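Please keep the sequence and the structure open while you go through the points.

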Amino acid sequence: MTPALPLEEPDLFDYYYNPPGSAPGTLGIEPNAYPTEITLFDYGPEHFSRCERPVFQDCLAQVTCENSVTWVDAQGLGNQALLAELGRAFGLPALILEDMVNVPQRPKLEYHPHFVLITTQIVMARPKKGFWTEQISFVLGKNYLVTLQEEPTRDPFEPIRQRLAQNVGAIRSQGADYLCYALIDAIVDNYFPVLETYGDRLEDLEDEAIERPTEATLQAIYRLRRELLALRRNIWPQREVFNALIRDKSDFITPEVLNYLRDCYDHAIQIIDVIETYRELGSSLTDVYLSVMSHKLNEVMKVLTIISTVFIPLTFIAGIYGMNFNPESSPFNMPELNWYWGYFICLGVMIVITLFQLYVFWRRGWFHRNKILARRPSDP
Amino acid sequence: MTPALPLEEPDLFDYYYNPPGSAPGTLGIEPNAYPTEITLFDYGPEHFSRCERPVFQDCLAQVTCENSVTWVDAQGLGNQALLAELGRAFGLPALILEDMVNVPQRPKLEYHPHFVLITTQIVMARPKKGFWTEQISFVLGKNYLVTLQEEPTRDPFEPIRQRLAQNVGAIRSQGADYLCYALIDAIVDNYFPVLETYGDRLEDLEDEAIERPTEATLQAIYRLRRELLALRRNIWPQREVFNALIRDKSDFITPEVLNYLRDCYDHAIQIIDVIETYRELGSSLTDVYLSVMSHKLNEVMKVLTIISTVFIPLTFIAGIYGMNFNPESSPFNMPELNWYWGYFICLGVMIVITLFQLYVFWRRGWFHRNKILARRPSDP
Amino acid sequence: MTPALPLEEPDLFDYYYNPPGSAPGTLGIEPNAYPTEITLFDYGPEHFSRCERPVFQDCLAQVTCENSVTWVDAQGLGNQALLAELGRAFGLPALILEDMVNVPQRPKLEYHPHFVLITTQIVMARPKKGFWTEQISFVLGKNYLVTLQEEPTRDPFEPIRQRLAQNVGAIRSQGADYLCYALIDAIVDNYFPVLETYGDRLEDLEDEAIERPTEATLQAIYRLRRELLALRRNIWPQREVFNALIRDKSDFITPEVLNYLRDCYDHAIQIIDVIETYRELGSSLTDVYLSVMSHKLNEVMKVLTIISTVFIPLTFIAGIYGMNFNPESSPFNMPELNWYWGYFICLGVMIVITLFQLYVFWRRGWFHRNKILARRPSDP
Amino acid sequence: MTPALPLEEPDLFDYYYNPPGSAPGTLGIEPNAYPTEITLFDYGPEHFSRCERPVFQDCLAQVTCENSVTWVDAQGLGNQALLAELGRAFGLPALILEDMVNVPQRPKLEYHPHFVLITTQIVMARPKKGFWTEQISFVLGKNYLVTLQEEPTRDPFEPIRQRLAQNVGAIRSQGADYLCYALIDAIVDNYFPVLETYGDRLEDLEDEAIERPTEATLQAIYRLRRELLALRRNIWPQREVFNALIRDKSDFITPEVLNYLRDCYDHAIQIIDVIETYRELGSSLTDVYLSVMSHKLNEVMKVLTIISTVFIPLTFIAGIYGMNFNPESSPFNMPELNWYWGYFICLGVMIVITLFQLYVFWRRGWFHRNKILARRPSDP
Amino acid sequence: MTPALPLEEPDLFDYYYNPPGSAPGTLGIEPNAYPTEITLFDYGPEHFSRCERPVFQDCLAQVTCENSVTWVDAQGLGNQALLAELGRAFGLPALILEDMVNVPQRPKLEYHPHFVLITTQIVMARPKKGFWTEQISFVLGKNYLVTLQEEPTRDPFEPIRQRLAQNVGAIRSQGADYLCYALIDAIVDNYFPVLETYGDRLEDLEDEAIERPTEATLQAIYRLRRELLALRRNIWPQREVFNALIRDKSDFITPEVLNYLRDCYDHAIQIIDVIETYRELGSSLTDVYLSVMSHKLNEVMKVLTIISTVFIPLTFIAGIYGMNFNPESSPFNMPELNWYWGYFICLGVMIVITLFQLYVFWRRGWFHRNKILARRPSDP
């Protein structure tokens, strides 16, 4: 995610990888990454302080303090020196820091003696543009939490910073694990509005595929399926991470917070349920589209067939009487041309043939135009 | 589910979610929710009392009584104060109450020290409209049961209230767990009539797709598949809940009632079996529809081709003798026009060509109209 | 299954269910069910007795006898009083009797202190009509076996009754578990002729789809897939039942009979294998059918195109010389009409155009009629 | 498999089953089965003897000998008496002998106190005919091995008999379990040439479907998919058998031979991998075929449309000037017919119309013939 | 992989197998295999030596040395004697050497008392040609590592050899297990550029299928799906190997290196995720292609239908007035021909008919050309 082109279509292949053969622990700083900005929150039931661009020596002194929780809220991956300093300050091994900085990674959970590392993805809806993802890493220690996001501009955490500052709810009287849960909960809840836009798009596409399918309809269905695949690839490993968190019972997370995390896990399952349902619907919408197209072809061919089969025999009869056989050479050469009622009989025969054909078509039901149901059948 | 539009098509996305970042335990009261109504049943082998709009202090006194079962039957989610009072009276944590009130949730089971929470969905058939769902939560304690439904108007529990009042069967001599089972059993059995309507709709669509497919047929198939997906998303987590109930052997459920619950579980499996079968049939019906459409196109094209190929050569011959080459300039210029039998020979040639073409088409089987089987092949 | 319409098409939805909210243990007697008939077999290595319409008091005296096996062979679900008496005589709880009488149920296995309950389905081939199912329940006690079938008319057990009466093989010297195995084995082996008819139907449909596909072909393929789905829904839970029987090592089944039951389990797996293969073949036959249809459309369109493109230019030329431009007004007005060889040159040009077009079509391979392989490619 | 028609197409349904209700242990001897031929090999590091049509009393004396391995190599299922004698000689229970003789059975593994029974299938490639299967059973005892094949004519074991006779490699110094492994290894390795022919056929079908698809192409694809399904049904249970052999650690197989069997298991996994890949490719080839067909239809329709739309307006113009309105009745009646340049102006208008239409078609790219890639794109 | 045709399309069937029945441990040396070249690296924190074409006696003396790691880097499978000598020098059993030399094998992991054998595949991107695979085997002992590759020319290990020679990072101070990890990591990371080319090809095919689909498009989609299947068959067993390595905790791998291997495993999972997503997209691209083709057919048919239905009635009218009914025989024979305004009225009727038809087509939307979206809808 770069500031220059923040809304462009993500590539199909979007994992970060170091050049094969490079030593482990290499930090891949992209040239157009956001500059790193770090904010430090320190709070307890009774106190709250917020410090931007902190000096880490001061911070670490606070981390050692027992009845105080420290949240290092880092954003932007552009400043290698600052990130390395952050890593040293909190004792993060090189491989860990690499996973936090070389984005995107598959969401994962790793236990370390002094902390737990959770790497996951934030998903945010973009108006008319599917969604936008960014990586976030959590380093959860005994009474501190370090978070590292890709970008400083968009995140769903502002309500939580406000709850911290204004001491809303129980958040200030709880530990770092509760803060971590609150952030993860915000990430998971953020999927729901994204899914809601997909549900709306799917319903629009249903209407479009049935009422006015164009070539763009199938492209849109294809695009939707592609985005849902990406979304599934995103939430699926998060579900595994939450499951591992709940099951493994780490020292850094109290049983009470585990209970809250179970809620996050339930939500992740809900999200996967919805995505799978949407994917199946997207797949059967393709069938609907193809059948509507084939129905339209049928209609076009019917028009051609009716017009052709009605007029071709008539034109043949007109052609017969346009022949120049010489009535004077023989009494058998087209005597009809000289009959008194010849022309009217000829027209009469044509009318009879036409009526007969129209009757046959009517019997076959070719004039019965299938009304396209403009509204869904279960509407009132 | 709102009283204003109770029968409208449910949206594709139908899970409740709080705004991301909001504190856990927030009750989301929808403005048009039904007002909360609470009825209290208290019964034992020998006594039965029913009290509407109870004062909770009185109720809780009864709950403590050993040989009496209390059922708090709450309906409607519109009254936040009353719901909060209910929660306090039975000691429900904020997170639990949130799950009961913020509907719909994915069905789930949670064990707590003093009670078990079961959240599930009631499914009821709607005439011609698929089905209608509503959430119900069970809080099952030692000798009490609290149920909370979305709406007061429709539920499948009336027969159970009557069995309680009239002391039919063993229900009055059993504990709260048996009451809970009886309610769950009614919920599960309620799926069967819903499935029966789907079976009927599928059979109607079979006939329609084969005999008189219109564009609306495929829409109806698509709609059916969409509703079956929704139904599966509904029953699947219920199965998990029943399985967990049976496997986990909680203190609040006696072995005898567990045996009954195994029956519910068997029924849930049956329901899933049927849904999966229906979904596969719906998918292969789409193939049938597409093939019938392509068969119809074939028929239309055959008509066009027969008429065109018969008359186009004849029209050409008529065109030949409509040319104005001057027989007087040369004896080789269209002498046929002056032949004695010229006209009849010309007509004869046309008839021969026509018969030959008709013979060729007959040999290719183009006149063999495939009868559409109006009845299913295994009917008598 | 009713005697009045024994061969009608089964409905898609075919599970029994009580009205939601009814008390457990309710026996659902259908008005047109067969009257219940009970036969009692009592046998040991040395003795064999058969008694129709037994008085149960006498029977139960025999059950207590150690070296004698009692088989209560009940058929027909029409007589509620008799069924209830049977239940009381063998101490069957209400819920068990309900599962035995309210048919059909999903096959299942339940352990009880004094007996094992096995509920399963008998499948029998019907000439040209798919298959026909009926429920059978086994109550296997220490030295007795109670079986309850839906109908007295059709079952695959006659050879076993004869082996009992005539003391063929080891059956008289074995216990009730061996009898139970022998009956189950007959049920499982009964699937094979059913599958064989499906294999034959599938091969006929293969030939039909390739050689002479009509609209009825696809209906037949669809019907086959629907019946195979029903068959799979039938055998799949039976496999689970056999697996549970083998794995759980109940007291009522000796290790030797367990060995025999392993054979039944192997056969059930074989049956599922075959059904899955047939289902995949049915699905790819649909592709073959659609492609043959599209091939036929291609052939029809080729005929139309050849005839049209050959004759349309010729007709145009004839039209040219049918125009009435007045050669007398100007020497440039259609002087060809007065040429000495005009008519023959005109015909010659037409022949050249025709030959050129036919050559082009021949080069494109449009005259190469694809022979339809009447025989399968691997036939000799 | 019968000698009379050894190469015929196998039926879809090909499992053996006894009539339902028959006693277990019934031997089903087919009338045209091969006569049974038995060869006895007896060998050790130092000695080797081969005896055809052995007398079993002599053989069994040798079996008791400790440092000697006996291989009873029986082929053909036609001689019931001889097979029964073989069964008695090696103490095989009736149910075991039934599984060995009533072919084909699903591959399986059974442990018995004195031996292990392995039933599996030999698969051999047939020129142009898919493959041919035959059942083989292994009865592996402490120092003897009994094998029973369906037919004496074709098996992949000749190289092993030669290695035994010529004392090549370690085979003579190993036990009966090693011999059993060597035979199983030959069976598994025999799949590879079969798969190779399928790979070749699939590549030929790829070329055919793209370059010159006929109706026979899809039949061949369908046939290939059908045969791959049969092959998978064949190897899949063998994989289970090998897995059980490795996992269960029987007394009859030394750890060293278990190591070798692990190799067989790896090969079975490889074979399943390849079959699954081929099946997916076969399925997507159907898509390619259908799309090539639809492309051909497009081409045919384009030819028709170009010819028709070019000539139909021209023919209309010619028709106009073929009308007989009388120029003498009115100066407005077709005065063009008498113009000096009338005919040439008319022809000129026709040429202009034609060129315009051809330009429009050229702009739409209808003359751009899509070259069919005759070679695969990744070829050099 | 042979030097003569290094870039040719790999066959569908590409596993090595010995002729059925051959003794285990046979080395299959292909005639055109690369000659074997062996390089020996010996290093520790303080020393580094590199020796080409080593004499093994010298080498093995070094292997015994405790604080030194030996890497025998063998490439090419052409020299049977040298490979056998290598096997003897490091005590490799015949079956192991066979797996290393008879390529390709399915990736696998085997534990032996003195070493671990890891067999896997190197995948390298080829320009425009999919990818190219080669087998590599690792024999990891206490302080030595033997690797055997198919070819000396292409491998991703050059950066590692340089890191060794130049003492970059921690590699010289770690054991043989770390070297093994570094090589495996390079192999896994090598998949990412391959996947990236597939992502690009898929995006190109998306554009092509929507904007300018030709027959070659579907072939390219088919080819892509075939190559992704091959890639999946390649990475899937590697994932299993890594999983087994991590889970089984061998003596030859320190916990620290296990941690690093967990990273390789995570990457393998990522790769499989991406491949599965690409495969689903490839499958739905086929739908898009078919629908675009059917849309094009619709467009062609519309042109034909518009032209035909406009001109056919007009030509019929012109034909009528080209008939030669004799106006002199009767006043009813085509008096229009002599009307003063006859010709103009006739033309006027034709114009009215044409305008009416065009209006009808316009109302049906046939002139509304569906613009093909040239750019993807979510582009800015």
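1. A word on terms comes before the helices: an axis is a line fitted to C-alpha atoms, for helices over the stretch in contact, and an angle runs from 0 to 180 degrees between N-to-C directions. Helices (H or I, at least four residues) and strands (E, at least two) are DSSP runs, numbered from the N terminus. This is a predicted model, in which local features need pLDDT of at least 70 and side-chain atom pairs count only at pLDDT 80 or more, while totals for chains, interfaces and linings use all residues. Residues are numbered from 1 along each chain as its sequence is written, and chains are lettered from A and ligands numbered from 1 in the order in which they are written.

2. In chain B, helix 6 (residues 191–211) packs against helix 7 (residues 215–248) at an angle of about 155 degrees, and their axes are 11 Å apart. Helix 6 of chain B is therefore roughly antiparallel to helix 7 of chain B, a word used for angles over 145 degrees, just as angles under 35 count as roughly parallel, 65 to 115 as roughly perpendicular and the rest as oblique. Among the residues making this contact are Tyr198(B) and Leu202(B) of helix 6 and Leu224(B) and Leu228(B) of helix 7 (contact means that C-beta atoms, placed from the backbone, lie within 7 Å).

3. In chain C, the axes of helix 6 and helix 8 come within 10 Å and cross at roughly 15 degrees, so these two helices of chain C are roughly parallel to each other. Residues of helix 6 that meet helix 8 in chain C include Leu195(C) and Leu205(C), and those on the helix 8 side include Val274(C) and Leu285(C).

4. How many residues of chain C are in contact with chain D? There are 67 of them, and they meet 60 residues of chain D. Helix 8 of chain C gives the largest share of its side, 31 residues. Only 13% of the interface residues of chain C are also interface residues in chain D, so the copies meet through different surfaces.

Methods:
Two residues are in contact if their C-beta atoms, placed from the backbone, lie within 7 Å.
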